[in-house]
Amino acid sequence: MTLAVVTDADLAHGADVLRRGGLVAFPTETVYGLGADATNPVALRRLFTVKGRPPDHPVIVHLADAAELDAWAIDVAPVARALAAACWPGPLTLVLRRAPGVPDEVTGGRDTVGVRVPAHPVARGLLDAFGGGVAAPSANRFGRVSPTTADHVRRDLGDDVDVVLDGGACEVGIESTVVDCGHGEPVIRRVGAVPAARLAEVLGGPLATSDEVGGAPGTLEAHYAPRARVVVTPDVTVLVDQVAAETARGRRVGVLAVDPPSRLAPSAVVLGAPADVDELAHTLYARLREADARGMDVVVALCPPDDGLGAAVADRLRRAGNRSADA
Ligand code: TXA
Ligand code: MG
């Protein structure tokens, strides 16, 4: 195994490739992003082609510093400033009214733009060296499992990406929380790495979620999916029974759970044994990829409780399950 070390020269090269309209994959604290110059429509169109993403899906603009916010957004409400002050640099995306000049390719033609200031030192180094906004969706093909290592990116995107900056495994492992502050009261559009309780603490009360106000672009019901079918259950006893039933049908079964039970059908494959929900989140996407690599037909997952990163893990498992149920 080689140690992941990104030098200043790598960052300068990455910034240069962005300036020339190229695509640079880079680590953030959540997942790897596939970056393009957010002011370059040609580069942005290539980004969408490589991802296989529909052109009306908006992408997040990554900034080196909150001070750059006003170049991208207008009418920034005090609640948005408060969230930015409390959570940046970090895994929070704010949806705000877009400033004039923000390309339609970034916003999917909407009147809003998603922005975030990532915390990962390699992301920050790249943004500093580039000196502008970097549009970056997760560096996977559309609808598939997000990458949390440089190796995942290389395997997914191959030669379609010009540079991959290898910063090792992403610490959180789940995407940023998306909060819409561009349409009045703030609304959580995507649960993610910043727990809802933390946002409530900053704003002095709970936020609405998109379940209450209607769906958001790019948060499709079916998403984040491996090839294996994903079955999610909230109960250990049901999990054990499901594993037994799938095994009896001759299926290759993988099990994903915090502290997985020992009394499982012998042929079931335990996909790691995370000690807590943070470790489950950190390893989730790698484990789903592992299930595919090992030829699992089904992953039976134990849904974590709602607190901390549990809500975001539960959301991704549910979406992974929806996709594989359709396929
Ligand atoms: O953690 C993350 O957010 C990662 C890293 C690379 O930063 N990025 C990521 O990007 O997950 P992506 O493109 O896979 O997901 C972006 C999310 C989508 O749910 C999209 O709908 C939402 O952000 N979003 C971005 N701009 C928006 C806008 N103008 N209005 C509504 N939602 C927006
Ligand atoms: Mg994504």
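Reader: What makes Arg97 count as partly exposed?
Author: The relative accessibility of Arg97 is 31%. Buried means under 20% relative accessible area, exposed means over 50%, and partly exposed lies in between (1.4 Å probe, protein chains only). Arg97 falls in between, so it is partly exposed. This is a predicted model: local features need pLDDT of at least 70, side-chain atom pairs count only at pLDDT 80 or more, and totals for chains, interfaces and linings use all residues. Residues are numbered from 1 along each chain as its sequence is written, chains are lettered from A and ligands numbered from 1 in the order in which they are written, and side-chain values use heavy atoms, leaving out hydrogens and water.

Reader: Why is the contact of Asp75 and Arg97 called a salt bridge?
Author: The N to O distance is 3.8 Å. A salt bridge needs a side-chain nitrogen of Lys or Arg within 4 Å of a carboxyl oxygen of Asp or Glu. The pair meets that limit, so the name applies. Asp75 sits in the loop between strand E4 (73-74) and H4, and Arg97 in strand E5 (residues 92-98), 22 residues apart. Helices (H or I, at least four residues) and strands (E, at least two) are DSSP runs, numbered from the N terminus.

Reader: Is Asp75 buried or exposed?
Author: Exposed, because its relative accessibility is 59%.

Reader: How do you know that Asp70 and Arg81 form a salt bridge?
Author: Their closest N and O atoms are 2.8 Å apart. That is within the limit, so the pair counts. Asp70 is in helix H3 (residues 69-72) and Arg81 in helix H4 (residues 78-87), eleven residues apart.

Reader: What makes Asp315 count as buried?
Author: Its relative accessibility is 10%. Arg318 is partly exposed, at 37%.

Reader: Which residues are linked with Asp315 in a network of salt bridges?
Author: Glu175, Arg316, Arg318 and Arg319 join Asp315 in that network. The whole structure holds 24 salt bridges.
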